[in-house]
Amino acid sequence: MCLVGGWWPYKDTDVVGAALTRLDGPLHVLVTGAPLDHEVLDRWSALPGVRLHMVPGPASEAQVRAVYAAADAAVVARRPGVAKESGLVVDAVRLGVPLLVSGHDPALAGRLSGLPWVRIFPAGDGQALAVMLRDLAWGPLPRPDACAAGALGVPTPAEQVAFLTDTATKESP
């Protein structure tokens with residue numbers, strides 16, 4: 001599994017830690033971003049089944065792509081009640097990485113619900129996340145296909161460039 005991005009207060013590293021302590025088999029955890037909480041990472045790396053791999057951040061685009069490419073799934077965990085769509089969701093979809101997402105945002109959960117490459121766990125529920133992590137070993141999730149981003153309303157890179165170019169042109173005197 002991978003965790004990408006800085007660990008801001010709305011991210012729920014406690015639920016990830018609770019899940020990791022419940023695992024009874026090995027799990028490679030890839031972490032990149034800035035800022036990171038090194039005390040948390042030290043606790044995780046001391047867990048018997050956790051193999052922690054870090055790419056110190058801020059990470060370059062190539063490093064982020066490499067982390068996603070090496071992961072069976074990306075975990076997006078937010079504290080309960082945080083209604084913030086994650087850029088991590090968009091990145092993972094674009095890069096073809098399955099997602100384990102907390103149900104912190106009902107609108108986001110609704111958009112992702114039922115997709116074969118997404119599993120949603122209740123926000124704050126480390127036990128449910130642990131079960132999903134265990135299940136990955138026996139039944140990896142399919143990767144999102146090239147159409148997944150469009151189906152979620154995520155613009156393609158070309159559409160983003162066109163939008164940014166158009167906006168910059170309109171704002172120029």
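How much volume does the largest cavity have? The largest cavity has a volume of about 110 Å³, and a search of the whole structure finds 2 cavities of 30 Å³ or more. Please keep in mind as you look around that this is a predicted model.

**The largest cavity**
- The lining of the largest cavity is made of 13 residues, and those closest to the centre are Leu3, Trp7, Lys11, Val75 and Ala77.
- At least two lining residues come from each of strand 1 (2–4), helix 1 and strand 4.
- Sorted by class, this lining holds 8 nonpolar, 2 polar and 3 charged residues.

**Tryptophan 7 and its neighbours**
- Tryptophan 7, one of the residues closest to the centre of the largest cavity, sits in the loop between strand 1 and helix 1.
- Tryptophan 7 counts as buried because its relative accessible area is 14%, and buried means under 20%.
- Leaving aside residues up to four places away in sequence, tryptophan 7 touches Thr13, Val31, Pro35, Leu36, Asp37, Val40, Leu41 and Trp44.
- One of these contacts, proline 35, is 28 residues from tryptophan 7 in sequence, yet their C-alpha atoms are 5.8 Å apart in space.
- Proline 35 belongs to the loop between strand 2 and helix 2 (38–45).
- A cis peptide bond links alanine 34 to proline 35, with omega at about 0 degrees.

**The second largest pocket**
- The second largest pocket has a volume of about 300 Å³.
- Its lining counts 16 residues, of which Pro26, Leu27, Leu133, Leu136 and Ala137 are the closest to the centre.
- Strand 2 and helix 6 each give at least two residues to the lining of this pocket, and helix 6 gives the most, with 5 residues.
- The lining of the second largest pocket divides into 11 nonpolar, 2 polar and 3 charged residues.

**Helix 6**
- Helix 6 covers residues 126–138, and its 13 residues should span 18 Å at 1.5 Å a residue; the end C-alpha atoms are 19 Å apart, which agrees.
- Which residues of helix 6 are buried? They are Gly126, Ala128, Leu129, Ala130, Met132, Leu133 and Leu136.
- In an α-helix there are 3.6 residues a turn, so residues three or four places apart point the same way.
- The cover over the buried residues of helix 6 includes helix 1 (13–22), strand 2 (27–33), strand 4 (74–76), strand 5 (99–102) and strand 6 (118–121).

**Two aspartates**
- Where helix 6 starts, aspartate 125 places a side-chain oxygen within 3.1 Å of the backbone nitrogen of glutamine 127.
- Aspartate 14 is part of helix 1, and its relative accessible area of 49% makes it partly exposed.
- Although 111 residues separate aspartate 14 and aspartate 125 in sequence, they are 9.7 Å apart in space, C-alpha to C-alpha.

**Histidine 104**
- Histidine 104 can be found in the loop between strand 5 and helix 5 (106–112).
- Is histidine 104 buried or exposed? With 3% relative accessibility, histidine 104 is buried, because the limit is under 20% relative accessible area.
- The side chain of histidine 104 makes a polar contact of 2.7 Å with the side chain of serine 102.

Methods. Residues are numbered from 1 along each chain as its sequence is written. This is a predicted model: local features need pLDDT of at least 70, side-chain atom pairs count only at pLDDT 80 or more; totals for chains, interfaces and linings use all residues. Side-chain values use heavy atoms; hydrogens and water are left out. Helices (H or I, at least four residues) and strands (E, at least two) are DSSP runs, numbered from the N terminus. The expected span of a helix is 1.5 Å times one less than its number of residues. Buried means under 20% relative accessible area, exposed over 50%, partly exposed in between (1.4 Å probe, protein chains only). Contact means heavy atoms within 4.5 Å. A polar contact is a pair of N or O atoms within 3.5 Å; within protein, one must be able to donate a hydrogen and the other to accept it, and residues adjacent in sequence count only if both atoms are side-chain atoms. On a 1 Å grid over the protein atoms alone, a cavity is a set of points where a 1.4 Å probe fits but cannot get out, and a pocket is an open set with protein on both sides within 12 Å along at least five of seven lines; lining residues have an atom within 4 Å of a point. Grid points are joined across faces, edges and corners, and a volume is the space filled by probe spheres set on the points. Ala, Val, Leu, Ile, Met, Phe, Trp, Tyr, Cys and Pro count as nonpolar, Asp, Glu, Lys and Arg as charged, and the others, Gly among them, as polar.
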